Amino acid sequence: MVTASIVLFKQTYAEIKTLLDGFDQSGISTLFIIDNSPFNAIEKEVKVNHPNIQYIHQAHNPGFGSAHNIAFKKAMSLGSEYHFVVNPDVLLKDDVVQSLVDFLKDHPEVGMVMPQILNVDGTIQYLPKFLPSPLSFYKRILYRKFNLFNSFVAKYELRDVAADLIYDTPVISGCFTLFRISALQEIGLYDDRFFMYLEDWDISRRMNEKYRTVYYPKAAIVHGYAAGSSKSYGLFKVHIRSIRAYFGKWGWFFDRDRVRVNERTRKQFK
(Lines give C-alpha, C1' and ligand atoms only; values in the text may rest on other atoms or scores of the structure.)
Protein backbone atom coordinates (compact mmCIF):
# COMPACT_ATOMS: atom_id res chain seq x y z
CA MET A 1 0.00 0.00 0.00
CA VAL A 2 1.17 3.52 -0.86
CA THR A 3 -0.10 6.62 0.96
CA ALA A 4 0.72 10.32 0.92
CA SER A 5 0.14 13.49 2.91
CA ILE A 6 -0.02 17.22 2.24
CA VAL A 7 0.00 19.88 4.96
CA LEU A 8 -1.88 23.07 4.14
CA PHE A 9 -1.95 26.57 5.60
CA LYS A 10 -4.47 28.95 4.01
CA GLN A 11 -4.22 27.44 0.51
CA THR A 12 -7.35 27.60 -1.63
CA TYR A 13 -8.78 24.59 -3.41
CA ALA A 14 -7.87 26.16 -6.77
CA GLU A 15 -4.22 26.32 -5.70
CA ILE A 16 -3.99 22.57 -5.01
CA LYS A 17 -6.54 21.14 -7.46
CA THR A 18 -3.98 20.19 -10.14
CA LEU A 19 -1.82 18.41 -7.56
CA LEU A 20 -4.82 16.54 -6.15
CA ASP A 21 -5.93 15.54 -9.65
CA GLY A 22 -2.44 14.18 -10.26
CA PHE A 23 -2.60 12.06 -7.13
CA ASP A 24 -6.03 10.77 -8.16
CA GLN A 25 -4.33 9.26 -11.22
CA SER A 26 -1.17 8.09 -9.43
CA GLY A 27 -2.39 4.83 -7.92
CA ILE A 28 -1.90 5.75 -4.25
CA SER A 29 -4.41 4.24 -1.83
CA THR A 30 -5.05 7.24 0.41
CA LEU A 31 -3.99 10.87 0.44
CA PHE A 32 -4.19 12.65 3.79
CA ILE A 33 -4.70 16.39 3.82
CA ILE A 34 -3.80 17.94 7.15
CA ASP A 35 -5.17 21.48 7.00
CA ASN A 36 -3.58 23.79 9.57
CA SER A 37 -5.58 26.79 8.34
CA PRO A 38 -7.77 28.77 10.78
CA PHE A 39 -10.90 27.62 8.92
CA ASN A 40 -11.75 24.44 7.00
CA ALA A 41 -12.74 26.44 3.92
CA ILE A 42 -11.83 23.78 1.34
CA GLU A 43 -13.08 20.65 3.11
CA LYS A 44 -16.31 20.30 1.12
CA GLU A 45 -14.65 20.72 -2.29
CA VAL A 46 -11.91 18.24 -1.41
CA LYS A 47 -14.33 15.56 -0.20
CA VAL A 48 -16.74 15.97 -3.12
CA ASN A 49 -14.06 15.83 -5.83
CA HIS A 50 -11.51 13.40 -4.35
CA PRO A 51 -12.99 10.36 -2.59
CA ASN A 52 -9.58 8.85 -1.81
CA ILE A 53 -8.61 11.82 0.37
CA GLN A 54 -8.91 11.91 4.14
CA TYR A 55 -9.25 15.55 5.20
CA ILE A 56 -8.22 16.53 8.74
CA HIS A 57 -8.59 20.10 10.00
CA GLN A 58 -6.39 21.47 12.81
CA ALA A 59 -7.04 25.14 13.41
CA HIS A 60 -4.41 25.36 16.16
CA ASN A 61 -1.61 24.70 13.60
CA PRO A 62 0.85 22.34 15.33
CA GLY A 63 3.46 22.87 12.61
CA PHE A 64 4.62 21.12 9.45
CA GLY A 65 6.29 18.05 10.93
CA SER A 66 3.71 17.49 13.64
CA ALA A 67 0.91 17.59 11.07
CA HIS A 68 2.65 15.06 8.82
CA ASN A 69 3.18 12.85 11.88
CA ILE A 70 -0.58 12.54 12.17
CA ALA A 71 -0.67 11.24 8.60
CA PHE A 72 2.28 8.90 9.24
CA LYS A 73 0.44 7.30 12.15
CA LYS A 74 -2.75 6.91 10.15
CA ALA A 75 -0.78 5.40 7.25
CA MET A 76 0.84 2.93 9.62
CA SER A 77 -2.56 1.92 11.01
CA LEU A 78 -3.72 1.21 7.45
CA GLY A 79 -0.70 -1.01 6.80
CA SER A 80 0.96 1.32 4.30
CA GLU A 81 4.44 0.30 3.13
CA TYR A 82 5.47 3.58 1.46
CA HIS A 83 4.43 7.14 2.24
CA PHE A 84 4.96 10.37 0.31
CA VAL A 85 5.39 13.72 2.07
CA VAL A 86 4.42 16.44 -0.41
CA ASN A 87 4.32 20.23 -0.37
CA PRO A 88 1.15 21.89 -1.71
CA ASP A 89 3.19 23.92 -4.25
CA VAL A 90 4.20 20.79 -6.20
CA LEU A 91 3.13 19.47 -9.60
CA LEU A 92 3.62 15.80 -10.46
CA LYS A 93 5.48 14.86 -13.63
CA ASP A 94 5.06 11.69 -15.65
CA ASP A 95 5.12 8.56 -13.47
CA VAL A 96 7.14 9.99 -10.57
CA VAL A 97 5.06 8.22 -7.92
CA GLN A 98 5.46 4.75 -9.40
CA SER A 99 9.12 5.34 -10.29
CA LEU A 100 10.05 6.15 -6.71
CA VAL A 101 7.97 3.31 -5.27
CA ASP A 102 9.65 0.87 -7.65
CA PHE A 103 13.06 2.20 -6.60
CA LEU A 104 12.35 1.55 -2.92
CA LYS A 105 10.98 -1.90 -3.71
CA ASP A 106 14.17 -2.75 -5.59
CA HIS A 107 16.48 -1.29 -2.90
CA PRO A 108 15.46 -2.43 0.59
CA GLU A 109 18.51 -0.70 2.08
CA VAL A 110 17.05 2.71 1.14
CA GLY A 111 14.90 4.42 3.78
CA MET A 112 13.90 7.57 1.91
CA VAL A 113 14.28 8.97 -1.58
CA MET A 114 13.62 12.24 -3.40
CA PRO A 115 13.30 12.90 -7.14
CA GLN A 116 14.84 15.70 -9.15
CA ILE A 117 13.15 18.97 -8.18
CA LEU A 118 12.55 21.46 -10.99
CA ASN A 119 11.57 25.12 -11.06
CA VAL A 120 8.57 26.11 -13.14
CA ASP A 121 10.94 27.11 -15.96
CA GLY A 122 12.51 23.64 -15.99
CA THR A 123 15.77 24.54 -14.25
CA ILE A 124 17.01 22.37 -11.38
CA GLN A 125 16.55 23.25 -7.72
CA TYR A 126 19.69 22.16 -5.89
CA LEU A 127 18.11 20.70 -2.77
CA PRO A 128 20.34 17.72 -1.86
CA LYS A 129 23.12 18.96 0.43
CA PHE A 130 25.93 18.02 2.74
CA LEU A 131 25.24 18.11 6.47
CA PRO A 132 25.46 21.77 7.52
CA SER A 133 27.70 23.59 9.94
CA PRO A 134 26.73 26.98 11.43
CA LEU A 135 29.12 28.56 8.92
CA SER A 136 27.18 26.92 6.08
CA PHE A 137 24.06 28.87 6.99
CA TYR A 138 25.95 32.13 7.32
CA LYS A 139 27.57 31.71 3.90
CA ARG A 140 24.27 30.76 2.23
CA ILE A 141 22.60 33.87 3.65
CA LEU A 142 25.38 36.02 2.20
CA TYR A 143 25.13 34.12 -1.08
CA ARG A 144 21.41 34.86 -1.36
CA LYS A 145 21.70 38.48 -0.27
CA PHE A 146 24.94 39.53 -1.95
CA ASN A 147 25.91 36.68 -4.32
CA LEU A 148 28.99 35.84 -2.25
CA PHE A 149 30.63 32.44 -1.61
CA ASN A 150 29.50 31.07 -4.98
CA SER A 151 32.16 28.36 -5.01
CA PHE A 152 31.25 27.19 -1.51
CA VAL A 153 27.53 27.04 -2.27
CA ALA A 154 28.16 25.10 -5.50
CA LYS A 155 30.04 22.43 -3.57
CA TYR A 156 27.76 22.43 -0.52
CA GLU A 157 24.63 22.02 -2.67
CA LEU A 158 26.30 19.40 -4.89
CA ARG A 159 25.81 21.54 -7.99
CA ASP A 160 28.87 20.05 -9.68
CA VAL A 161 27.48 16.52 -9.62
CA ALA A 162 26.18 15.17 -12.94
CA ALA A 163 22.49 16.03 -13.23
CA ASP A 164 21.42 12.45 -14.01
CA LEU A 165 23.51 10.70 -11.33
CA ILE A 166 21.73 8.67 -8.64
CA TYR A 167 23.58 9.16 -5.37
CA ASP A 168 23.32 9.10 -1.58
CA THR A 169 22.79 12.49 0.07
CA PRO A 170 22.61 13.14 3.81
CA VAL A 171 20.00 15.89 3.38
CA ILE A 172 16.77 15.29 1.50
CA SER A 173 14.25 18.08 0.96
CA GLY A 174 10.83 17.69 2.54
CA CYS A 175 9.04 19.21 -0.43
CA PHE A 176 8.63 15.76 -2.01
CA THR A 177 9.95 12.68 -0.21
CA LEU A 178 9.07 9.01 -0.28
CA PHE A 179 9.58 7.16 3.02
CA ARG A 180 9.76 3.46 3.72
CA ILE A 181 7.27 3.06 6.58
CA SER A 182 9.18 0.24 8.29
CA ALA A 183 12.28 2.46 8.39
CA LEU A 184 10.25 5.31 9.91
CA GLN A 185 8.97 2.97 12.58
CA GLU A 186 12.57 2.24 13.46
CA ILE A 187 14.08 5.74 13.47
CA GLY A 188 11.04 7.75 14.56
CA LEU A 189 8.86 10.42 12.99
CA TYR A 190 9.43 14.16 12.57
CA ASP A 191 10.84 15.84 15.67
CA ASP A 192 8.14 18.12 17.10
CA ARG A 193 10.68 20.70 18.29
CA PHE A 194 10.90 21.89 14.66
CA PHE A 195 7.72 23.88 13.99
CA MET A 196 8.81 24.50 10.40
CA TYR A 197 12.17 24.34 8.59
CA LEU A 198 14.96 21.81 9.13
CA GLU A 199 12.62 19.03 10.26
CA ASP A 200 13.47 17.39 6.93
CA TRP A 201 17.21 17.80 7.56
CA ASP A 202 16.85 16.25 11.00
CA ILE A 203 14.85 13.23 9.83
CA SER A 204 17.17 12.76 6.84
CA ARG A 205 20.13 12.64 9.20
CA ARG A 206 18.46 10.13 11.54
CA MET A 207 17.45 7.97 8.60
CA ASN A 208 20.94 8.16 7.11
CA GLU A 209 22.39 6.64 10.27
CA LYS A 210 20.66 3.32 9.49
CA TYR A 211 19.49 3.46 5.87
CA ARG A 212 20.55 4.99 2.60
CA THR A 213 18.96 8.34 1.76
CA VAL A 214 18.98 8.76 -2.00
CA TYR A 215 18.60 11.41 -4.67
CA TYR A 216 16.92 9.83 -7.72
CA PRO A 217 16.93 12.24 -10.69
CA LYS A 218 15.44 9.71 -13.10
CA ALA A 219 12.07 11.00 -11.90
CA ALA A 220 11.08 14.64 -11.37
CA ILE A 221 8.48 17.02 -9.99
CA VAL A 222 7.95 20.77 -10.35
CA HIS A 223 8.19 22.80 -7.15
CA GLY A 224 7.27 26.44 -6.72
CA TYR A 225 10.17 27.23 -4.40
CA ALA A 226 9.18 30.18 -2.22
CA ALA A 227 12.17 30.72 0.12
CA GLY A 228 9.68 32.35 2.46
CA SER A 229 12.10 32.95 5.33
CA SER A 230 14.18 35.27 3.14
CA LYS A 231 11.13 37.43 2.41
CA SER A 232 9.20 37.41 5.70
CA TYR A 233 10.61 38.54 9.03
CA GLY A 234 8.18 36.28 10.89
CA LEU A 235 9.27 33.21 8.93
CA PHE A 236 12.89 34.25 9.29
CA LYS A 237 12.48 34.11 13.08
CA VAL A 238 10.91 30.66 12.80
CA HIS A 239 13.86 29.59 10.65
CA ILE A 240 16.35 30.89 13.22
CA ARG A 241 14.59 28.95 15.99
CA SER A 242 14.83 25.80 13.89
CA ILE A 243 18.54 26.41 13.23
CA ARG A 244 19.11 26.71 16.98
CA ALA A 245 17.11 23.55 17.59
CA TYR A 246 19.05 21.64 14.94
CA PHE A 247 22.51 22.55 16.21
CA GLY A 248 21.40 22.25 19.80
CA LYS A 249 20.48 18.66 19.00
CA TRP A 250 23.38 17.65 16.75
CA GLY A 251 26.19 19.93 17.91
CA TRP A 252 27.33 23.36 16.84
CA PHE A 253 31.03 23.21 16.06
CA PHE A 254 31.95 19.81 17.48
CA ASP A 255 30.13 17.26 15.36
CA ARG A 256 32.35 14.37 14.33
CA ASP A 257 29.49 12.53 12.62
CA ARG A 258 28.93 15.51 10.32
CA VAL A 259 32.52 15.30 9.10
CA ARG A 260 32.35 11.53 8.67
CA VAL A 261 29.03 11.55 6.78
CA ASN A 262 30.06 14.41 4.50
CA GLU A 263 33.33 12.70 3.65
CA ARG A 264 31.49 9.47 2.85
CA THR A 265 29.22 11.47 0.54
CA ARG A 266 32.18 13.09 -1.23
CA LYS A 267 33.83 9.73 -1.91
CA GLN A 268 30.95 8.79 -4.24
CA PHE A 269 32.07 11.46 -6.70
CA LYS A 270 35.81 10.73 -6.79
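Guide: A residue with a relative accessible area over 50% would be exposed and one under 20% buried. N147 stands at 49% relative accessibility and therefore counts as partly exposed. This is a predicted model, and in it N147 is found in the loop between α5 and α6.

Visitor: Is K10 buried or exposed?

Guide: K10 is found in the loop between β1 (2-8) and α1 (13-24), and its phi, near 70°, is a positive value in a residue other than glycine. The cut-off for the exposed class is a relative accessible area over 50%. Because K10 has 55% relative accessibility, it counts as exposed.

Visitor: Which residue's side chain does the side chain of E157 join in a polar contact?

Guide: E157 has its place in the loop between α6 (150-156) and β7 (167-168), and at 5% relative accessibility it counts as buried. Leaving aside neighbours within four places in sequence, E157 is in contact with Y126, P128, K129 and R140. The polar contact between side chains, at 3.1 Å, joins E157 and R140.

Visitor: How many of the residues of α8 are buried?

Guide: The buried residues of α8 are E199, D200, W201, D202, I203, S204, R205, R206, M207 and N208. The helix is largely enclosed by the rest of the structure, because the buried residues number 10 of the 10.

Visitor: With which side chain does the side chain of D202 make a polar contact?

Guide: D202 has its place in helix α8 and, at 0% relative accessibility, counts as buried. Not counting residues up to four places away in sequence, D202 touches D191, F194, Y246, K249 and W250. The polar contact from the side chain of D202, at 2.8 Å, is made with the side chain of K249.

Visitor: What span does helix α9 reach from its first C-alpha to its last?

Guide: Helix α9 covers residues 233-250 and has 18 residues. The expected span takes 1.5 Å times one less than the number of residues, and for α9 the expectation is 26 Å at 1.5 Å a residue. The model is close to that expectation, with a reach of 26 Å.

Visitor: Which helices are included in what covers the buried residues of α9?

Guide: In α9 the buried residues are V238, H239, S242, I243, A245, Y246, F247 and W250. Just after this helix, G251 takes a positive phi of about 110°. The cover over the buried residues of α9 includes α5 (134-146), α8 and α10.

Visitor: Which helices each supply at least two residues of the lining of the largest cavity?

Guide: The count comes to one cavity of 30 Å³ or more, and the largest cavity has a volume of about 40 Å³. Its lining consists of L131, P170, R205, N208, E209, D257 and V261, which divide into three nonpolar, one polar and three charged residues. At least two of the lining residues come from each of α8 (199-208) and α10 (256-267).

Visitor: How far apart in space are I42 and H57, C-alpha to C-alpha?

Guide: I42 lies in the loop between β2 (30-35) and α2 (43-49), and it is buried, with a relative accessible area of 4%. Beyond its neighbours within four places in sequence, I42 is in contact with L8, Q11, T12, Y13, I16, D35 and Y55. I42 and H57 are 15 residues apart in sequence, and their C-alpha atoms are 9.9 Å apart in space.

Visitor: What distance separates the C-alpha atoms of V90 and E45?

Guide: V90 lies in strand β5 (residues 90-92) and counts as buried at 1% relative accessibility. Not counting residues up to four places away in sequence, V90 touches L19, C175, F176, I221, V222 and H223. V90 and E45 are 45 residues apart along the chain, and the separation of their C-alpha atoms is 19 Å.

Note on methods: Residues numbered from 1 in each chain as written. Predicted model: local features only at pLDDT ≥ 70, side-chain atom pairs only at ≥ 80, totals over all residues. Heavy atoms only, no water. 1 Å grid on protein atoms, 1.4 Å probe; cavity = no way out; pocket = protein on both sides within 12 Å on 5 of 7 lines; lining within 4 Å. Points joined across faces, edges and corners; volume = space filled by probe spheres on them. Helix = DSSP H or I, 4+ residues; strand = E, 2+ residues; numbered from the N terminus. Nonpolar A, V, L, I, M, F, W, Y, C, P; charged D, E, K, R; others polar. Buried < 20%, exposed > 50% of the residue type's maximum accessible area, 1.4 Å probe, protein only. Polar contact = N/O pair within 3.5 Å; in protein donor to acceptor, adjacent residues only side chain to side chain. Contact = heavy atoms within 4.5 Å.
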